[in-house]
Amino acid sequence: MTTLIRSGTVVTAERTFAADVLIEGEKIRDIAAGIPVERADRVIDASNLLVMPGGIDVHTHLDMPFGGTVSADDFETGTRAAAFGGTTTLIDFAIQARGMKMREALDIWWKKAENRATIDYGLHLIVTDLYEAGLEDMDAMVAEGVASFKLFMAYPGVLMVDDATIFKALSQTAKNGALICMHAENGGVIDVMVQRALAEGKKAPIYHAMTRPATAEAEAVHRAIAMAEIAGAPVYIVHLSSEDALNQVREARDRGVPAFAETCPQYLLLSVEELARPDFEGAKYVFTPPLREKHHLPKLWNGLKHDHLQVVSTDHCPFCFADQKTLGRDDFTKIPNGGPGVENRLQLIYHHGVNQGRLSLNRFVELVSTTPAKLFGLYPRKGELAAGSDADIVLWDPDEAHLISAATHHMRVDYSMFEGFSVKGNARTVLSRGEIIVDKGAFFGSAGRGRFLKRAARGGAWK
Ligand code: URP
Ligand code: ZN
Ligand code: ZN
């Protein structure tokens with residue numbers, strides 16, 4: 001099957017130009033002006049549309065046991081929602097519970113995803129326990145295409161690991177070329193602040209934010225980067241939320257240290273006041289790190305523009321308000337931490353970034369697709385429009401108006417963090433490896449067509 005995408009404006013991280021795109025099977029065959037229609041079995045008219053590489057979301061939590069419940073989207077509903085929003089690849093997290101071997105965790109997550117995912121996916125591995133052969137097992141994971149690990153400096157007693165473990169893991173990646181993703185918040189300090197708040201009877205959602213100060217994030221980011229520097233390895237800070245933390249990344253990068261960081265739409269567009277909503281609605285905005293004061297937001301946008309931040313992911317971790325968030329009605333520490341967003345990332349960053357003049361079109365593509373592919377060992381197969389790349393393509397209508405709402409979204413969750421946000425710009429047609437999976441609001445994909453992606457070590461973070 002050959003498909004010709006005709007008369008569109010091709011946008012990559014580097015260039016914007018008028019061209020046709022010829023797809024043969026699952027791959028892009030040619031990009032050029034005036035490709036003859038006779039070369040194709042099927043022609044898609046992309047006049048007035050932008051032709052971009054599909055979005056890559058490197059931070060999602062589908063079907064994840066957490067906070068006494070399980071995240072509401074599984075690999076079927078979560079990847080379908082992602083596709084509606086123009087995301088054609090995601091990287092989720094397999095969790096190695098304490099006492100479990102890494103291999104076992106990987107097998108569990110493979111089972112969760114197979115026969116369900118509609119787009120291609122990779123897995124990071126969350127390490128909670130470096131047992132006797134743990135370092136060798138990290139190498140074995142890399143050989144399986146799991147070329148990145150997440151470590152937690154927060155959530156003591158659940159996911160948090162100590163500095164010695166972090167340093168050992170970083171040192172191992174200096175040898176095997178994987179990338180460590182760091183949840184950087186000082187878990188010890190936060191835990192003491194949480195216990196103090198509870199003792200004072202402060203149990204409402206807002207105290208989730210009050211007990212996780214930006215300084216606790218900045219301190220951990222500083223420590224994570226220092227340990228990576230000593231180990232001689234790059235490091236990637238996940239869900240960076242504050243100016244304080246951003247300053248640490250920028251200072252390190254200015255010194256030439258290979259430190260990288262992502263932020264998420266919620267930290268760019270929402271602020272801490274959301275947690276004070278009445279009727280327990282603040283619980284909808286309980287995730288970690290928490291939302292910050294408004295003055296942080298323009299600093300993060302500026303960080304994206306000037307490459308102090310390299311990626312926008314979602315940290316999609318949905319819990320329904322009605323029967324999951326309410327687990328913490330009487331105690332904010334029991335509210336499952338996480339929020340939904342996998343469907344809205346491109347819409348929000350395009351509208352508030354490109355339309356508002358904060359980001360160029362090319363920088364937009366770089367942040368949501370190309371750099372994620374490079375850093376996580378998928379480039380140039382993913383995140384690029386070029387001959388030989390997978391035909392993961394979004395035909396983006398820059399003029400389509402869209403109202404974000406839980407009433408119309410495809411995520412399996414009963415609220416939207418961005419309810420009532422109006423955006424201009426939306427995915428019209430989405431192709432995954434040459435196959436149309438979304439077209440004008442209709443779904444044509446199927447559960448199980450998505451493939452596990454074996455990712456290469458020594459990706460862009462090492463260059
Ligand atoms: O609150 C959040 N972010 N939940 C997901 C787990 C994590 O820390 O990324
Ligand atoms: Zn995290
Ligand atoms: Zn996360």
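The model is predicted, so to speak of local features pLDDT must be at least 70 and side-chain atom pairs count only at pLDDT 80 or more, while totals for chains, interfaces and linings use all residues. Residues are numbered from 1 along each chain, chains are lettered from A and ligands numbered from 1 in the order written, and side-chain values use heavy atoms, without hydrogens and water.

View 1. Of the 14 residues around ligand 1, the nearest are K150, H183, T288, D315 and N337 (a residue is near if one of its heavy atoms lies within 4 Å). This shell holds five nonpolar, seven polar and two charged residues.

View 2. Look for pairs of N or O atoms within 3.5 Å. A nitrogen atom of ligand 1 lies 2.6 Å from a side-chain N or O atom of D315, and an oxygen atom of ligand 1 is 3.0 Å from one in the side chain of H183. At G338, a polar backbone atom is 3.5 Å from an oxygen atom of ligand 1. Taken alone, ligand 1 exposes 270 Å², and the protein buries 100% of that (Shrake-Rupley method, 1.4 Å probe).

**View 3. The zinc ion (ligand 3).** Its protein donors are H59 (NE2), H61 (NE2) and D315 (OD), 1.9 to 2.1 Å away (donors are N, O and S atoms within 2.8 Å of the metal, or 3.2 Å for Na, K and Ca). Along the sequence, these donor residues follow the spacing H-x1-H-x253-D.

**View 4. The zinc ion (ligand 2).** K150 (NZ), H183 (ND1) and H239 (NE2) are the protein donors, at 2.1 to 2.3 Å. Their sequence spacing reads K-x32-H-x55-H. From this zinc ion to the zinc ion (ligand 3), the separation is 3.9 Å.

Methods:
Polar contact = N/O pair within 3.5 Å; in protein donor to acceptor, adjacent residues only side chain to side chain. Nonpolar A, V, L, I, M, F, W, Y, C, P; charged D, E, K, R; others polar.
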